[in-house]
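Please open the model in your viewer and keep the selection panel at hand. The stops below say what to select next and what is there.

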Amino acid sequence: MNSKHEMRLLEIAKRLTTFEEVALGYNEEEAYLESLRCLNCKTKPCVSACPVAIDIPRFIMKIKEKDITSAHHIITEANLLPGVCGRVCPQESQCESTCVRAIKGEAVAIGRLERYVADNYQGEAHPQVAKKDYQVAIIGSGPAGLACAGVLIEKGYTVTIYEAMHENGGVLVYGIPEFRLPKRIVKAEIETLKQMGVKFENNVVVGKTVLLEDLKQENDAIFIGTGAGLPKFMNIPGENYNGVLSANEFLTRMNLMKAYQEKYDTPLKKMTNVAVVGGGNVAMDAARSARRMGAHVYLIYRRGFQEMPARLEEIHHAQEEGIIFKNLTNPVAITANNEGRVTNIICQEMVLGEPDASGRRRPMAKEGSEVVFDVDTVIMAIGNYPNPLLRTSTSLVEYDKYNCLVVDENNKTTCDGIYGGGDVVTGAATVILAMGAGKKAAYAIDLYLQNGKER
Ligand SMILES: Cc1cc2nc3c(=O)[nH]c(=O)nc-3n(C[C@H](O)[C@H](O)[C@H](O)COP(=O)(O)OP(=O)(O)OC[C@H]3O[C@@H](n4cnc5c(N)ncnc54)[C@H](O)[C@@H]3O)c2cc1C
């Protein structure tokens with residue numbers, strides 16, 4: 001009773017040759033046994049720790065009763081993407097971190113149970129009829145835009161999502177790899193929104209193919225959920241050589257261009273020895289993807305394991321799959337051959353000093369240390385900024401010096417009728433925080449339109 005029921009995993013040998021999902025989920029018996037661990041506390045601390053406030057004990061009680069339909073309805077009252085969130089939310093630092101069971105053992109496996117319900121629900125979405133005479137444009141089909149759309153369509157608005165890419169889902173489809181979040185799960189959850197009446201306009205880059213000003217004329221309100229898709233680089237010598245990629249570019253090629261499948265013309269050059277720089281989920285995803293393409297992969301991170309922002313589960317899976325962790329190591333230059341192709345990454349060893357503003361111990365270079373790795377590819381996964389494309393095309397809304405959209409406590413921008421949320425406001429964060437922001441903005445949009453737009 002003190003530990004979570006283990007989730008079955010794809011065997012390691014198979015992981016290295018396919019992009020199949022690694023975590024296999026609970027079966028009925030496992031989910032039932034895990035549900036028995038929930039104490040159904042009166043105070044429900046897990047609910048307050050969930051950014052979208054799913055009534056967690058209530059849905060788990062339904063699993064106990066083997067009533068998946070009711071469990072699904074309870075979750076989707078708060079979260080329209082349970083299959084996604086059950087897989088990628090950092091539950092260990094949110095709902096599960098406050099679970100009373102965790103005082104004397106492990107928290108209830110809330111994420112695994114959420115995923116179990118999503119994967120085993122058989123029902124269909126109910127189509128919504130637009131009852132209100134207002135239309136709302138949403139820019140971006142990532143979790144923020146989808147969550148905003150879900151609330152507004154249920155309230156009877158006409159909702160259209162404008163998306164720059166040919167596929168919907170934002171980072172859920174072009175960032176997070178198939179072995180962690182199968183695209184069919186994202187597609188199915190987006191299909192539910194389509195069935196409910198949300199319209200999607202793809203290949204529309206707002207700020208380029210259509211202006212924000214035009215959307216403002218044609219709609220009663222707008223939500224901006226354009227994410228944080230502009231990669232950061234280190235600004236070290238050699239970052240322009242052939243073979244240096246951002247994790248964004250690498251993962252997008254993998255996910256949307258199927259660079260790993262033989263039947264597709266691979267747009268990625270064969271890689272043998274790869275250095276991935278970074279310690280977050282993006283770095284783990286890039287490293288594990290490169291490994292599946294047959295490469296030896298070094299994960300170069302300037303702090304220690306304890307400071308790594310990636311989910312513990314992802315770090316464990318990466319270790320199992322043979323990623324070579326080079327912690328307390330920081331790149332200072334990349335070298336290349338006469339043709340400009342990467343040959344080495346030169347690093348310094350680091351030591352940890354006092355905690356910095358992030359609360360983590362500050363990495364400092366060890367005098368005179370140098371470590372060199374022979375690599376043909378370097379993938380930078382050190383973070384992202386919001387893309388400035390929309391910003392440079394409009395003066396309707398304000399952005400700060402980091403290209404983050406400026407909003408108030410109700411997610412309203414500096415322009416009446418235009419709201420925003422997700423990574424474009426906070427900088428790169430998490431799926432559930434983006435969804436929470438999208439929902440909050442949707443309630444504010446509803447209030448604004450119900451008050452005759454006079455806020
Ligand atoms: C590789 C990777 C792994 C991650 N792993 C996790 C994880 O395990 N758990 C977790 O919680 N979070 C994870 N994250 C973070 C999480 O995915 C993001 O915080 C979340 O997707 C942000 O949602 P969003 O809707 O704000 O933006 P996005 O998901 O970035 O969606 C924005 C959408 O807007 C579109 N867009 C941008 N500009 C325009 C425009 N001008 N016109 C029209 N459309 C536009 C984009 O094409 C995109 O589809 C990961 C991120 C990455 C990159």
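A disulfide is taken here as a pair of cysteine sulfur atoms within 2.5 Å, and by this rule the count comes to 0 disulfides. Select Cys41, which is in no disulfide, its nearest cysteine sulfur being that of Cys38 at 6.4 Å. With a relative accessible area of 21%, Cys41 is partly exposed, where buried means under 20%, exposed over 50%, and partly exposed in between, with a 1.4 Å probe and protein chains only. Then select Cys415, likewise in no disulfide, for which the nearest cysteine sulfur, that of Cys148, is 16 Å away; Cys415 counts as buried at 11% relative accessibility.

Before going further, note that this is a predicted model, in which local features need pLDDT of at least 70 and side-chain atom pairs count only at pLDDT 80 or more, while totals for chains, interfaces and linings use all residues. Residues are numbered from 1 along each chain as its sequence is written, and side-chain values use heavy atoms, with hydrogens and water left out.

Show the polar contacts, that is, pairs of N or O atoms within 3.5 Å. A polar backbone atom of Val88 is 2.6 Å from a nitrogen atom of the ligand, whereas Glu163 places a polar side-chain atom 2.6 Å from a ligand oxygen. In the side chain of Arg180, an N or O atom is 2.9 Å from an oxygen atom of the ligand. The protein buries 93% of the 1,000 Å² that the ligand exposes when taken alone, these accessible areas coming from the Shrake-Rupley method with a 1.4 Å probe.

Now colour the shell around the ligand by element and by class. Helices here are DSSP runs of H or I with at least four residues, and strands are runs of E with at least two, numbered from the N terminus.

Finally, select Gly225, in the loop between β4 (221-224) and β5 (230-231). Gly225 counts as buried at 9% relative accessibility, and its C-alpha atom is separated by 6.0 Å from that of Gly422, 197 residues apart along the chain.

Note on methods. A polar contact is a pair of N or O atoms within 3.5 Å; within protein, one must be able to donate a hydrogen and the other to accept it, and residues adjacent in sequence count only if both atoms are side-chain atoms.
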